[in-house]
Every structure is written in structure tokens, then in C-alpha cells.
Amino acid sequence: MREINFDGLVGPSHNYAGLSFGNRASAGHAGEISRPRAAAIQGLGKMRRMMELGLRQGILLPHERPLTGWLRRFGFTGPDDAVCAAAWRNEPGLLRAALSASPMWTANAATVSPAPDTADGRCHLSTANLSSMLHRSLEAPETTRQLGLLFASTDHFALHPALPHGTGDEGAANAMRLCAHHGAPGLEIFVWGETRPGGFPARQSRVASAAIARRHGLDPARTLLAQQSDAAIQAGAFHNDVVAVANESVLLVHEQAFADQQQVYDAILRHVPEATILEVPAAQISLEDAVRSYLFNAQLVTLPEGGMVLIVPDECRKNGAVAAWLTAMTGGNGPVRRVESLNLRESMQNGGGPACLRLRVVVDEAAEAALDRRFLLDTARLDGLAALIDDRWPERIAPDDLGHADLWADCRAARQTLLGFLGFTE
Ligand SMILES: N=C(N)NCCC[C@H](NC(=O)CCC(=O)O)C(=O)O
């Protein structure tokens with residue numbers, strides 16, 4: 001079995017609206033000028049690198065923006081542009097939400113349990129409700145639609161709808177899987193948090209995590225619900241994947257990721273005795289540096305020829321403590337000897353690193369063959385996408401541009417061109 005990464009293609013409306021309370025990068029860059037074209041090209045650069053490494057790469061598509069149908073539910077009427085204009089005049093926050101390109105962070109699209117872990121031997125997926133943030137709560141219906149096409153084969157896949165709102169679920173960003181190798185049964189770890197009054201919100205609820213494990217038919221003996229540490233949430237780790245990343249038998253984790261660190265390590269070593277836990281001490285890298293650099297939001301991947309590579313954002317090289325730790329790690333005797341760094345600055349400035357931008361799905365050959373090919377990339381399609389983005393994606397978006405009909409028209413047209421190129425007729 002092997003892992004396929006489905007990256008979210010950065011949509012043409014990518015902008016900095018400061019919509020995510022508790023996400024320090026989102027707040028810190030609010031009101032700045034964004035560069036959607038550069039953002040999308042940076043994302044494609046990561047996909048290209050993954051393919052060069054011999055890994056299978058797919059995409060998920062930007063959603064319709066502005067999402068006029070959603071704005072209509074607030075009582076705005078008339079033609080689409082009149083709806084958007086009225087929303088901008090009366091409730092600009094609603095138009096900002098309806099224009100967010102947040103579906104690009106597909107680690108939050110769904111939670112995935114590969115076939116070896118589930119009772120019926122199919123790969124189970126649950127669309128995330130993303131109900132904690134208004135702009136992200138719009139995503140689930142379109143995400144379900146795309147996942148329904150991509151994973152249409154019920155012989156191999158079972159897709160569950162989003163959980164009811166109010167039970168916060170942010171998808172794979174809060175789940176980890178430890179196993180001997182991708183095809184072996186794994187220990188699935190679901191990380192949930194509790195909101196402290198006056199603090200940053202915890203976005204994954206225990207109720208949601210437990211429900212997903214139940215729905216996916218996981219063996220309770222190989223399932224762990226682990227509480228995220230409050231220190232991590234307050235430092236800006238709004239998802240677990242900002243402080244931990246796992247791949248096969250390796251866990252890279254910050255010392256302060258969980259409320260009970262030892263409970264997590266004990267469970268891992270019980271189920272995967274050969275596991276390597278690379279714990280980064282707070283004395284070497286503080287939670288603040290972890291959040292600033294997004295070290296743990298790396299993609300840790302197994303290469304076809306064996307061995308693992310850690311794909312980090314360039315910000316890790318610029319942070320002295322993190323750069324020193326990475327040099328020491330690759331020089332040591334551990335399972336991760338290679339680190340590559342990529343420029344994902346446009347996404348990073350909204351709090352999305354390499355791992356946020358991808359949904360990982362482990363499949364066998366038969367399940368892979370059943371996937372909708374339109375979501376899979378080869379070099380020719382990647383080149384075609386780059387040319388299309390160069391041509392159609394806005395170069396820059398300033399905060400006031402969000403209220404202009406020209407931008408709405410450009411975003412709609414860019415997406416239509418993309419859908420046509422990829423073979424989607426709507
Ligand atoms: N950690 C993972 N897996 N995903 C990162 C998601 C970043 C996203 N940022 C935003 O939604 C910012 C949008 C804005 O401010 O305009 C979020 O906070 O949900």
C-alpha cells in the first residue's frame with residue numbers, strides 16, 4: 001500500500017482577512033496584500049517536488065468563491081453581484097468569509113482511516129464540519145461533493161458526512177497513524193482539545209474524535225483519544241499538526257504537544273514496538289519557535305527507495321534554534337536523514353504549512369485504480385495548471401478589493417477555466 005497526497009490547489013481569492021482567531025499567522029498578517037498567483041504556484045512547487053521524489057500526487061479543487069448561495073441565506077437577494085455588494089455594505093465579515101480560499105488546507109477536509117484499520121476493510125473518510133470558524137464552516141458540502149467523486153467506489157471507500165455543527169471537527173490535522181508500514185494495521189491517535197475561558201479556542205472536540213473512530217469501525221484496542229495540551233493551544237497550535245507529525249513508525253513531536261505525553265508514547269510503543277519517537281525538548285525549541293517556524297507542520301514521507309524525508313517550510317531555516325535542531329537530527333543515527341525546505345510563504349502567512357496543504361490517503365493498487373483520475377497529477381497536467389494559474393489567477397488582492405465586482409468576476413472565471421482544463425463539467 002502507498003500514500004497519495006491530495007493537495008488543495010490555492011484558489012484565486014487567496015487573501016489575508018484575519019479570520020482565524022487563535023491562528024497567530026492569520027492574525028499577524030491580517031490586512032496585508034496577498035498574492036494568489038504566487039501562492040498557487042508555490043503550492044504547485046511542492047507538488048512537483050513530491051512527484052520528483054517518486055511520490056503519487058493528487059489535488060482537491062478550490063471551491064466556488066464568492067459563495068453567493070451561502071450569502072443569500074442571510075437575506076441578501078437579487079443577482080449574484082447585488083448579493084455580494086449588499087453583503088459588503090451591511091456585513092463585510094460575511095463577504096470576507098464567502099471569499100476565503102481556506103479549502104486549500106486539505107488536511108482539514110476530512111479524517112481518513114485506511115483499509116487495514118477498519119472493520120469492513122475499506123478506507124473510511126469523514127468530511128470535517130470545521131464548525132469552529134465561520135469562514136471554514138462553509139466548506140463541508142463542497143468538500144463532500146469532491147470526495148464523493150474522487151472516492152466514488154464503495155468497494156474500496158466509505159465516505160461519511162460531516163458531523164453536526166457544534167461538535168468541532170477539523171479533520172486529519174488532528175489525527176495521526178502509527179504503524180510498522182503503510183499496509184499494516186495501525187494505531188490511530190485522535191487529538192482533541194478543551195477551550196479555556198478567555199483563551200484561544202480548541203477546534204477539535206473529544207465528542208467528534210470519538211464519533212469518527214466509531215463511524216470508521218476502528219478497533220478500540222488500536223484507537224487512542226489524546227488531549228492536546230493547553231500550552232500548545234495558547235501558543236497558537238490550533239491544530240495538532242502544528243506540534244506533531246507521524247509517518248509509519250516515526251513520530252516527530254514537541255515535548256508539550258499533549259496533556260499527557262507519556263500516555264501517547266506508551267500506547268505507540270505497545271502497538272508499534274519498533275517505533276521511533278523523536279521528541280523535541282522545549283529547552284531546545286520553544287512552543288513559540290515551533291509555531292513560528294512550523295517545524296512540525298512538515299510532511300514526513302517514505303521514499304519509494306526506502307528512507308524518509310522531512311519536507312519543511314523555508315521558515316525553519318531562518319529560525320536559529322530550529323535550523324540547529326534539524327542539522328543535529330540529520331547528522332544523527334535516526335530514521336530521518338534528509339530534510340528539504342520549500343517556499344510556501346503565501347500559505348504560511350495564513351497559518352498553513354506543508355502538512356496543512358495536503359490530505360494523505362493510503363491505498364492499495366486496486367483502490368488507487370478506482371480513484372477519479374481527474375484529481376490525479378502527472379507532469380503534463382502540472383505544467384498545464386501552472387500556465388493556467390499564471391494566466392488567470394489575480395496577481396494581488398488588497399483588503400478593499402474584496403468589495404469589488406471585478407474581483408468576484410475574476411475569481412469565478414478563473415475557477416471555471418480550471419474546471420474545464422481538468423475535465424470537470426460541474
Ligand atoms: N494546521 C492545518 N492543518 N491547517 C491550517 C489551516 C489554516 C487556516 N487559516 C485560515 O483560515 C486563515 C484565513 C484568513 O485569515 O483569511 C485556519 O486557521 O484554519
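**Close-up views of a predicted model**

**View 1. Y294 in its loop.** Y294 has its place in the loop that lies between α10 (287-293) and β12 (299-302), in a model that is predicted. The phi angle of Y294 is near 60°, a positive value in a residue that is not a glycine. Y294 counts as buried because 27 other C-beta atoms lie within 10 Å, where the cut-off for a buried residue is 20 or more.

**View 2. L130, between β4 and α6.** L130, which is not a glycine, has a positive phi of about 45°, and this residue is found in the loop between β4 and α6. With 26 other C-beta atoms within 10 Å, L130 is likewise buried.

**View 3. The unit formed by β4, α6 and β5.** Strand β4 (residues 123-127) and strand β5 (residues 157-160) run parallel and are joined by four bridges, and within this pairing H124 has A158 of β5 as its bridge partner. Together with helix α6 (residues 140-150), β4 and β5 make a right-handed β-α-β unit.

**View 4. The unit formed by β10, α9 and β11.** Five bridges link strand β10 (residues 250-254) with strand β11 (residues 276-280), and the pairing is in the parallel sense. L251 has I277 in β11 as its bridge partner. With helix α9 (residues 261-271), β10 and β11 make a right-handed β-α-β unit.

View 5. P66 is placed in the loop between β2 (56-60) and α3 (68-72).

**View 6. The surroundings of the ligand.** There are 23 residues around the ligand, and of these L19, S20, S26, A173 and C356 come nearest. The residues of this shell divide into 10 nonpolar, 11 polar and two charged. For the complex as a whole, the predictor gives an ipTM of 0.99 and a pTM of 0.98.

**View 7. The whole chain, for orientation.** The secondary structure of the protein chain comes to 16 helices and 15 strands. The radius of gyration of the chain is 20 Å, close to the 22 Å that the globule rule gives for 426 residues, so the chain is as compact as a globular protein of that length. Taken along the principal axes, the C-alpha atoms fill a box of roughly 60 × 45 × 40 Å, and buried residues make up 52% of the 426 residues. The average pLDDT of the protein chain is 97, and 100% of the residues score at least 70.

Conventions. Residues numbered from 1 in each chain as written. Predicted model: local features only at pLDDT ≥ 70, side-chain atom pairs only at ≥ 80, totals over all residues. pLDDT = per-residue confidence, 0-100. Near = placed C-beta within 6 Å. Nonpolar A, V, L, I, M, F, W, Y, C, P; charged D, E, K, R; others polar. Pairing = 2+ DSSP bridges. Helix = DSSP H or I, 4+ residues; strand = E, 2+ residues; numbered from the N terminus. Right-handed = clockwise from strand over helix to strand, strands pointing away. Rg over C-alpha atoms; globule rule 2.2 N^0.38 Å. Buried ≥ 20, exposed ≤ 12 C-beta atoms within 10 Å, placed from the backbone.
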